[in-house]
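Colleague: I'm new to this one and would like a close look at a single part. Could you take me through the place where the two chains meet?

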Protein chains: 2
Amino acid sequence: VGEFELINTFFTRGSKGDDVVLGIGDDCAIVRPPAGRDLVMSIDTLVEGVHFPHHTEPLKIGMRVMCTCLSDLAAMGATPHWFTLALTLLHAESAWLSEFSEGLFQIANQFQCSLIGGDTTKGPLTISVQVHGSVAPGTALKRGGGKPGDIIYVTGDLGDGAAALAALSNKLTVNPSAYAYLMKRFFAPTPRIQEGQFLSRKATAAIDISDGLIADLGKLCSASGLGAMVDVARLPISQHWRDQVNQEQALDWALNGGDDYQLCFTLPPTLVEPINQAVHKGQIRATPIGKLVPHSGVQLFHSGQPYQVTDHGYDHFG
Amino acid sequence: VGEFELINTFFTRGSKGDDVVLGIGDDCAIVRPPAGRDLVMSIDTLVEGVHFPHHTEPLKIGMRVMCTCLSDLAAMGATPHWFTLALTLLHAESAWLSEFSEGLFQIANQFQCSLIGGDTTKGPLTISVQVHGSVAPGTALKRGGGKPGDIIYVTGDLGDGAAALAALSNKLTVNPSAYAYLMKRFFAPTPRIQEGQFLSRKATAAIDISDGLIADLGKLCSASGLGAMVDVARLPISQHWRDQVNQEQALDWALNGGDDYQLCFTLPPTLVEPINQAVHKGQIRATPIGKLVPHSGVQLFHSGQPYQVTDHGYDHFG
């Protein structure tokens with residue numbers, strides 16, 4: 001099977017909007033950007049053995065790569081439009097490609113994100129996806145807009161990614177329903193697209209949590225020229241696994257575990273009450289965990305006392 | 001050195017236009033697309049040992065990846081704007097990164113293409129670049145617009161890529177100036193951006209020659225629902241090496257060698273005279289090599305007789 005047949009067989013499905021002038025099959029794709037909006041784009045690479053375990057089912061790889069890439073659009077409050085796929089693999093196996101593309105499109109279709117182009121090459125399994133979305137000019141959420149006194153929130157629960165990895169390597173034992181929950185959280189972490197769009201024009205700063213709360217909140221602080229105080233007792237941790245480990249372990253995973261793909265965002269104090277109401281109405285799930293402060297660094301507290309951790313998140317080549 | 005420091009150290013140079021709202025350093029890049037134009041994009045991956053030899057100097061890798069990616073924009077007649085870089089490498093070595101980025105920006109700056117974002121990951125050396133350009137709506141050159149009777153042209157010379165690979169593996173011996181020419185053609189094949197823009201609203205179809213003339217002209221024919229007759233005696237072959245090999249070898253490289261990154265395009269007979277004048281004035285270098293015909297397939301002729309070749313171009317997994 002030749003390179004181009006590969007692409008045609010497995011990757012020319014999924015709905016395409018009128019904004020796709022020319023999709024897969026030429027030297028380039030052509031799209032018509034929505035008039036008067038800024039384009040928002042991000043490219044991410046997943047390498048076998050680094051970002052997902054060897055021998056992971058291709059369906060899960062497909063879902064995970066799409067979820068994690070869309071998470072970057074979520075962090076900007078953007079509306080997804082299109083994606084491209086650069087797929088490097090050792091062997092062109094139909095079964096693998098069929099399942100991988102199934103996982104990819106399951107997530108992409110859910111967020112109306114169309115595949116418009118790509119490249120397939122021979123080599124060690126490496127997957128790069130670039131996602132493209134749009135925002136009204138000036139409304140993108142950025143890391144650098146936080147102000148002293150802003151309240152720090154996170155969407156959903158923290159530590160699920162690290163707990164899932166522990167469960168996968170038999171270092172954490174949970175019941176079957178909790179295991180299923182963790183696998184879904186690891187292989188298909190819902191990109192917080194809706195939450196990001198809801199927070200547009202409200203949040204002063206935002207980032208998605210891929211490398212761990214301390215690491216990613218640290219980047220938000222650094223971009224905003226500020227520091228943070230976090231009350232670790234407030235960290236939202238799932239009931240599915242928190243009672244299976246001691247509190248120190250649970251907090252370590254919530255603080256330092258990567259792969260959560262929740263949003264961490266900051267709100268001015270005046271918006272706390274409106275957000276509380278939105279949370280109450282079920283419009284968004286978000287938990288206040290601390291506040292931005294003038295000095296630098298992320299400081300942790302528990303019951304009013306400084307809280308010590310050793311790990312400092314995940315960094316390639318770190 | 002952490003992932004983000006890597007990016008900041010080596011990849012935050014090169015000029016940025018007003019169209020870049022937010023560059024490297026956040027979850028996404030933000031760009032303002034030129035009003036009223038369509039966006040054109042392409043992603044390409046280069047794998048060490050597949051698309052360039054092991055131990056290639058990083059400066060050359062950087063130049064080559066940028067040239068080959070921009071060639072896809074050239075084939076559409078697009079104006080380059082921005083690119084993203086997904087870089088997977090085993091070790092983060094400053095010297096390697098410094099030279100690689102130098103090569104990348106040498107070419108990117110030459111074509112006013114700004115780096116707006118990327119991702120660095122640990123793994124076997126794999127480089128994906130996505131380029132973004134624009135065209136006036138409806139003016140992009142495509143593979144599928146050829147008409148029976150259209151004249152087939154190629155820009156520049158053919159076979160340089162294959163001759164360069166032969167020289168690199170000591171299968172072709174040439175003098176130092178010819179060697180330098182071939183190395184430049186292989187590691188920095190000028191993307192035919194100017195030529196592509198010149199051909200916009202003139203050529204009926206176009207493709208860039210990356211997999212060999214027969215393979216790529218075959219794709220143009222297939223997309224146009226047509227076939228081609230090519231006179232191999234007309235194929236432009238560089239004086240730098242053509243007398244060092246027999247005619248059959250020279251023609252094989254010109255027909256089947258990949259990596260030339262010239263444009264193959266078709267013109268209606270009415271535009272042949274204007275193009276001849278443009279060639280005469282030095283506005284474009286282009287050679288007529290045959291014509292499109294109603295039946296399918298690429299047929300080769302030499303002195304009026306059918307010409308046989310065995311190879312059929314380069315195809316990953318093929």
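Modeller: Here is a walk through the contact between the chains, from the overall picture down to single residues. Keep in mind that this is a predicted model.

Let's begin with the extent of the contact. On the chain A side, 64 residues are in contact with chain B, and 64 residues of chain B take part in turn. Put together, the two chains bury about 5100 Å² between them, and 59% of that is on carbon and sulfur atoms.

Now for how the copies are arranged. Turn chain A by 180°, with a shift of 0.0 Å along the axis, and it can be laid on chain B with an RMSD of 0.0 Å. The two copies are thus related as by a two-fold rotation axis. The same surface serves both of them, too: 100% of the contact residues of chain A recur in chain B.

What about polar and charged partners? Across the interface there are 21 residue pairs in polar contact, counting those with both residues at pLDDT 80 or more. On the side of chain A that touches chain B, the largest share comes from strand β3 (residues 38-47) of chain A, with 9 residues. Sorted by class, that side of chain A has 31 nonpolar, 17 polar and 16 charged residues.

Some of the charged residues pair up across the boundary: the count between chain A and chain B is 6 salt bridges, while over all chains it comes to 22. One to find on screen links Arg32(A) with Asp38(B), where the closest N and O atoms are 2.7 Å apart. Another brings together the side chains of Asp26(A) and Arg143(B), at 3.6 Å from N to O. Asp26(A) sits in the loop between β1 (20-22) and β2 of chain A, and Arg143(B) in the loop between β6 (126-135) and β7 (151-155) of chain B, so this pair joins two chains.

The backbone has a part here as well. In general, strands of a sheet pair through backbone hydrogen bonds, either parallel or antiparallel. Across this boundary, strand β2 (residues 29-31) of chain A pairs with strand β3 (residues 38-47) of chain B in the antiparallel sense, over 3 bridges. To locate that pairing, look for Ala29(A), which stands opposite Met41(B) in β3(B).

Notes
Residues are numbered from 1 along each chain as its sequence is written. Chains are lettered from A and ligands numbered from 1 in the order in which they are written. This is a predicted model: local features need pLDDT of at least 70, side-chain atom pairs count only at pLDDT 80 or more; totals for chains, interfaces and linings use all residues. Side-chain values use heavy atoms; hydrogens and water are left out. Contact means heavy atoms within 4.5 Å. Buried area is the accessible area (1.4 Å probe) that two parts lose on being put together, summed over both. A salt bridge is a side-chain nitrogen of Lys or Arg within 4 Å of a carboxyl oxygen of Asp or Glu. A polar contact is a pair of N or O atoms within 3.5 Å; within protein, one must be able to donate a hydrogen and the other to accept it, and residues adjacent in sequence count only if both atoms are side-chain atoms. Helices (H or I, at least four residues) and strands (E, at least two) are DSSP runs, numbered from the N terminus. Ala, Val, Leu, Ile, Met, Phe, Trp, Tyr, Cys and Pro count as nonpolar, Asp, Glu, Lys and Arg as charged, and the others, Gly among them, as polar. Two strands pair if DSSP finds at least two bridges between them. Copies are superposed by least squares on the C-alpha atoms of residues with pLDDT of at least 70 in both.
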